[in-house]
Amino acid sequence: MRSGRIQSCTSCSASSSSTFPHPPCLSSASRHCKFPLLLSPGALSLSQRVSRNCLVPRYSSGWSQTQFSFSKQSNYKQLLSVGVGALVTSNTQGISTGTLIADEKIGVLLLNLGGPETLEDVQPFLFNLFADPAEELRKSLWAKNVPAKVYVGMRYWHPFTEEAIEQIKRDGITKLVVLPLYPQFSISTSGSSLRLLESIFRDDEYLVNMQHTVIPSWYQREGYIKAMANLIEKELRKFDRPEKVIIFFSAHGVPLAYVEEAGDPYKAEMEECVDLIIEELEKRKIDNAYTLAYQSRVGPVEWLKPYTDETIVELGRKGVKSLLAVPISFVSEHIETLEEIDVEYKELALESGIENWGRVPALGCEPMFISDLADAVIESLPYVGAMAVSNLEARQSLVPLGSVEELLATYDSQRRELPPPVTVWEWGWTKSAETWNGRAAMLAVLVLLLLEVTTGEGFLHQWGVLPLFR
């Protein structure tokens, strides 16, 4: 069950650019199968790779600063309070924050999609998803002598990105670090938020002149990798036979066309991320079998495979009895972890013959994770508004920093139409669509017939199909 391996390849599917070095692509011996073979730890040694402590090369131009705030009309209370809190030891001792900040007003804009359905859901959603991690990030930055303001901007719900940007302008921010809350970059997540920022900044004189940089992804950072390994190790101990548990990484899916046609780096970054976590676990003498699948697909188009639900069923058929689910692309608890994984996938697993089920919690406010995010922000500050002269000067990191425009030009040059975050109806040639379209058509025909018979008028009477009544 551990014959599949992740190996580095020579080229990426992402669109090429002489300015931006792409993260290494990965391939697997089992990746072309409908259900990949379980992957064995230690399949790929990363000892020759660059340090994961460093952030990434830097590129950028124009923006800055942040704080949680909401428009008066939306009636949302401010989620952050002033205070300083210390977390774990910083990895940025070598960076002098005094010279980076000077008289600048530093801001950090956290980006995500959002998604509560009712007004009553909004405040609990915000507090659970953003308030605590953002407040802890602010505390960590202050503890590291970076008195930054932290803002949240969501793509599809309050506080909207537009609301955060207006507050940024009111606060007079001069340097902005944009930090999407997605460990791995995808056109459909981070890219979607960057598209919005691009349109907001295009014609605003203040924003055009504000220096900024974007941290497109941070899956390779040591703090994140170790924090994930800590959570996995802790949950494994809860099983009677931890060594027999399959570690099941479940990531949010993206449309396959984004990866194969538009050059989305998401799949490569996700596989690299899993590899790094497994290598960290192996250092701790944890050599459980593992696999990766993709969840939350919507609409009629094909998404990245293997699908989580189908893989769970397949594992059950293969006789797997213990499964530990790891929500690898989510850093906060929300509907896709609390409902989709904890309820739907758990039920499916038990029905498929898997007897022991566990789930690793989202990172939330894990101190090592929060401190590392703060370090990522601090490490990016020298590159706000600057251009990297070379990869060597930029520390040869895996993922490039960049401005909104540069990153979109590199990762989303085609600007493909993105699917909505939630699809209720599936239109097109799908079984679901055919069923509902057929029912709608039959209902319409019956209604028309009823009207014609009861009124004696209509196109069927005019065409002579039914007799005219005078």
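Visitor: Which residue is the bridge partner of F248 in β9?

Guide: This is a predicted model, in which local features need pLDDT of at least 70, side-chain atom pairs count only at pLDDT 80 or more, and totals for chains, interfaces and linings use all residues. Residues are numbered from 1 along each chain as its sequence is written, and side-chain values use heavy atoms, leaving out hydrogens and water. Strands are DSSP runs of E with at least two residues, helices runs of H or I with at least four, numbered from the N terminus. The partner of F248 in β9 is A325.

Visitor: In which sense do β7 and strand β9 pair?

Guide: Two strands pair if DSSP finds at least two bridges between them. Strand β9 (residues 322-327) pairs with β7 in the parallel sense over five bridges. Strand β8 (residues 290-295) also pairs with β7 in the parallel sense, over six bridges; there, A251 has Y294 as its bridge partner.

Visitor: Why is strand β7 described as largely enclosed?

Guide: Buried means under 20% relative accessible area, exposed over 50%, and partly exposed in between (1.4 Å probe, protein chains only). Six of the seven residues of β7 (residues 246-252) are buried, so the rest of the structure largely encloses this strand.

Visitor: Is L443 buried or exposed?

Guide: L443 has a relative accessible area of 54%, so it is exposed. Its place is in helix α13 (residues 431-455).

Visitor: Where does E351 lie?

Guide: E351 belongs to helix α10 (residues 335-351). E351 counts as exposed because its relative accessibility is 59%.
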